[in-house]
Amino acid sequence: MEPRRDPMLDFAVKDTWRIFRIMGEFVEGFETLSHVKGVAIFGSARSAPGSPDYQRAEEMGRALARAGYAVITGGGPGDMEAANKGALEAGGESVGLAIELPYELKPNPYLTRTLSFRYFFVRKVMFVKYSQAFVILPGGFGTLDELFEAVTLIQTRKVKPFPVILAGEHEYWDGLMRWIADTVVRRGKVREAEVGILQRARTPADVLKILKRQARQAPKDRTGRVRAGKEIP
């Protein structure tokens with residue numbers, strides 16, 4: 001009788017080989033994005049075309065593209081689609097870092113450059129490494145996840161600081177900011193100075209003013225060429 005195979009051995013082998021897929025996603029991302037000068041826009045995937053939120057995201061993408069920035073989104077529907085649409089129609093570079101999800105079947109059709117990831121953590125590295133700023137539009141858990149990860153990395157000095165901008169209607173963000181100030185800071189969980197990592201901007205023009213002063217710039221290599229992402233370990 002053939003000896004019974006330890007199921008944990010099968011699991012270990014599968015995890016070992018999974019490393020190569022993860023490595024492949026990192027390599028493809030680094031190669032594709034190394035010359036991108038972009039601003040990441042995050043927002044709700046549930047904003048319907050023609051809705052006020054969709055229109056505002058489209059205006060944001062258009063304004064950033066006209067100012068010379070590539071627009072980087074998660075490549076999905078809603079605000080992501082709208083921002084990419086605005087950037088593309090303005091003649092700018094429109095980048096989608098898509099994630100493989102069962103309910104988002106394919107990237108939106110307004111992309112000049114597309115990368116698709118199985119692993120959220122690899123995709124997150126690409127956003128942080130190759131974005132000069134994060135523009136956060138009203139969104140849900142996914143949007144808040146990207147927001148607070150960026151704030152944490154800046155707070156802990158794991159990355160060179162870059163603007164993290166809460167954009168759009170102030171009413172959407174007022175409750176969050178009030179809770180942070182009145183509860184989180186008051187109870188000593190965050191220092192008051194660290195709240196300043198989060199900036200506010202109602203309009204695309206307001207966002208552009210912040211970017212003009214503070215957008216993170218990629219360093220140049222020995223040949224004088226800009227190499228995006230090199231300033232981040």
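In which strand is Thr73 found? Thr73 lies in strand E2 (residues 70-73); strands (E, at least two residues) and helices (H or I, at least four) are DSSP runs numbered from the N terminus. The model is predicted, so that local features need pLDDT of at least 70 and side-chain atom pairs count only at pLDDT 80 or more, while totals for chains, interfaces and linings use all residues. Residues are numbered from 1 along each chain as its sequence is written, and side-chain values use heavy atoms, with hydrogens and water left out.

**View 1. Surroundings of Thr73.** Thr73 is buried, at a relative accessible area of 0% (buried: under 20%, 1.4 Å probe, protein chains only). Its side chain makes a polar contact of 2.7 Å with that of Asn84 (a pair of N or O atoms within 3.5 Å, one able to donate a hydrogen and the other to accept it). Residues touched by Thr73, beyond four places away in sequence, include Ile41, Met80, Val95 and Phe127 (contact: heavy atoms within 4.5 Å).

**View 2. Strand E6 and its partners E5 and E7.** Strand E5 (residues 131-136) pairs with E6 in the parallel sense over three bridges (pairing requires at least two DSSP bridges), and Phe134 stands opposite Val164. E6 also pairs with E7 (residues 198-201), in the parallel sense over four bridges; there, Gln199 is the bridge partner of Ile165.

Notes
Buried < 20%, exposed > 50% of the residue type's maximum accessible area, 1.4 Å probe, protein only.
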